[in-house]
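Please walk me through this structure. Take the packing, the ligand and the aromatic rings in turn.

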Amino acid sequence: MNGRLNGKTALVTGSTKGLGRAVANAFAAEGAHVVLTGRDKAVGESAVAELRATGGRADLVVADLTEGLSAARHVAEEAERLLGGRVDILVNNAGVFPLAATADFDEETYDRTWTVNVKSAFFLTARLAPAMAAHGGGVVLNLGSIVTSHGLAGSALYSATKAAVESLTMSWSAEYGPQGVRVNTIAPGLVLTEGTTEGAEHLEAMAAHTPAGRPGRAEEIGPLAVYLASDDAAYVHGSSFTLDGGWTTARR
Ligand SMILES: NC(=O)c1ccc[n+]([C@@H]2O[C@H](COP(=O)([O-])OP(=O)(O)OC[C@H]3O[C@@H](n4cnc5c(N)ncnc54)[C@H](OP(=O)(O)O)[C@@H]3O)[C@@H](O)[C@H]2O)c1
C-alpha cells in the first residue's frame with residue numbers, strides 16, 4: 001500500500017459487513033484511521049479486531065440509523081471523538097434494499113428505507129461537511145446504485161432512495177465543493193455481500209450476461225473509494241462512478 005490516506009480520518013457507515021467493510025479495510029490499508037458503524041456490536045467488534053490485526057487503525061460506533069436524526073448526531077459525535085476531533089472523509093454507505101411489488105410495501109418499511117438510505121446520509125453530511133470545510137476540506141462519498149439508471153420491477157422504493165442520494169451528491173457538490181469538500185457517488189452493480197447472499201443465485205444469473213461475466217466482489221470497491229477519497233481525485237466533484245462489470249452499458 002502507498003499510504004495515500006496517511007493522516008486522514010474516515011467515518012464509513014454500515015461498515016461492519018459488505019461494501020462498507022471493504023471500503024473501511026481499503027482506507028485503513030492506505031493509512032487512514034477509520035470508524036466503522038453497524039447495529040450488531042459483536043459483528044462490529046470482530047470487524048474492528050480483524051482490521052487492527054492487519055495493523056490498521058479502527059474503532060466502532062454501534063448505532064441503528066433507523067432512529068434518524070438522533071442516531072446520525074450520535075454517530076457523528078462519537079466518530080469525531082474517536083478520530084481526535086475531525087472527520088476528513090465520510091462514506092454514506094449504510095443502506096437497506098427491500099424488494100417487493102409497490103402495492104405490497106407497508107408504511108414502516110417505506111419510512112425505514114428512506115431513513116436509513118437518505119435521512120441518515122442527509123443529517124450526517126449536514127453535521128460533518130461544514131466541519132470539514134472549517135478544517136480546510138474533506139470528502140463525502142455516497143453509495144448510489146445502478147438501479148437509478150433504469151426501471152426495475154420490485155425496486156421502486158429502493159431505486160427512489162438511491163436516486164435521491166445521487167441528487168444529494170450534486171446538490172452537496174454545489175453547496176460544499178467551493179468550500180473544499182468534494183462529494184461524489186459510487187454506484188455499484190451486482191455485488192455479492194452479506195446483504196445479497198439470499199439472492200446470490202439470481203445475481204450470478206444476471207451477471208452472467210455482462211462483460212465481466214460475474215457479480216462483483218466487495219473488495220473491488222476499495223481502489224475506487226481510495227482514489228475518490230485521496231488527493232489524486234482533487235478535480236473530481238459531483239460525479240457518479242459506476243462499478244458494475246458493464247451491466248449498465250453492455251449486456252448480451
Ligand atoms: N451489494 C450490492 O449489490 C449493492 C449494489 C448497489 C448498491 N449497494 C449499496 O451499497 C451499500 C452497502 O450494501 P451491502 O450490500 O454491502 O449491504 P450489507 O452487506 O447488507 O451491509 C450493510 C451494512 O449496513 C449496516 N446496517 C444495515 N442497516 C443498518 C441500520 N439500520 N443502522 C445502522 N447500520 C445498518 C449493516 O450492519 P448491521 O446489520 O449490524 O446493522 C452492515 O454493516 C448500500 O447502500 C447498498 O444500497 C449495494
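Leaving aside neighbours within four places in sequence, which residues is Leu128 in contact with? This is a predicted model, and in it the contacts of Leu128 are Leu11, Ala76, Glu80, Val87 and Leu90. Leu128 itself is found in helix 4. Its relative accessible area is 1%, so Leu128 is buried, the cut-off being under 20%. Leu128 and Ser159 are 31 residues apart in sequence, and their C-alpha atoms are 26 Å apart in space.

Now the packing as a whole. The largest nonpolar core has 33 residues. Those with the most contacts inside this core are Phe27, Val34, Leu36, Ile89, Val91 and Leu141. Helix 1 gives the most, with seven residues.

Take Val34, one of the residues with the most contacts inside the core. Leaving aside neighbours within four places in sequence, Val34 is in contact with Ala10, Val12, Ala24, Phe27, Ala28, Arg57, Ala58, Asp59 and Leu83. Another core lies apart from the largest one. This other core has 29 residues, including Ala63, Val75, Leu83 and Ala129.

Next, the ligand. How many residues surround the ligand? There are 32, and the closest are Thr16, Arg39, Asn93, Tyr158 and Thr193. The backbone also takes part. A backbone N or O atom of Leu65 lies 2.8 Å from a nitrogen atom of the ligand. For Gly189, a backbone N or O atom lies 3.2 Å from a ligand oxygen atom. At Val191, a polar backbone atom is 2.9 Å from an oxygen atom of the ligand. Taken alone, the ligand exposes 890 Å², and the protein buries 94% of that.

Last, the rings. A search of the whole structure finds four aromatic pairs. One of them joins Tyr110 and Trp114, with ring centres 6.3 Å apart. Their planes stand at 40 degrees, so this pair is tilted. Tyr110 is partly exposed, with a relative accessible area of 42%. Trp114 also counts as partly exposed, at 25% relative accessibility.

Phe122 and Trp172 form a tilted pair as well. The distance is 6.1 Å centre to centre, with 50 degrees between the planes. What does this pair tie together? Phe122 lies in helix 4 and Trp172 in helix 5 (residues 156-176), so the pair ties together parts that are 50 residues apart in sequence. Phe122 counts as partly exposed, at 38% relative accessibility. Trp172 counts as buried, at 5%.

Conventions. Residues are numbered from 1 along each chain as its sequence is written. This is a predicted model: local features need pLDDT of at least 70, side-chain atom pairs count only at pLDDT 80 or more; totals for chains, interfaces and linings use all residues. Side-chain values use heavy atoms; hydrogens and water are left out. A nonpolar core is a set of buried Ala, Val, Leu, Ile, Met, Phe, Trp, Tyr and Cys residues joined through side-chain atoms within 4.5 Å. Buried means under 20% relative accessible area, exposed over 50%, partly exposed in between (1.4 Å probe, protein chains only). Helices (H or I, at least four residues) and strands (E, at least two) are DSSP runs, numbered from the N terminus. Contact means heavy atoms within 4.5 Å. A residue is near a molecule or strand if one of its heavy atoms lies within 4 Å of it. A polar contact is a pair of N or O atoms within 3.5 Å; within protein, one must be able to donate a hydrogen and the other to accept it, and residues adjacent in sequence count only if both atoms are side-chain atoms. Accessible areas come from the Shrake-Rupley method with a 1.4 Å probe; for residues, only the protein chains shown count as cover. Rings of Phe, Tyr and Trp (its six-membered ring) pair if their centres lie within 6.5 Å; planes under 30 degrees apart count as stacked, over 60 as edge-to-face and the rest as tilted.
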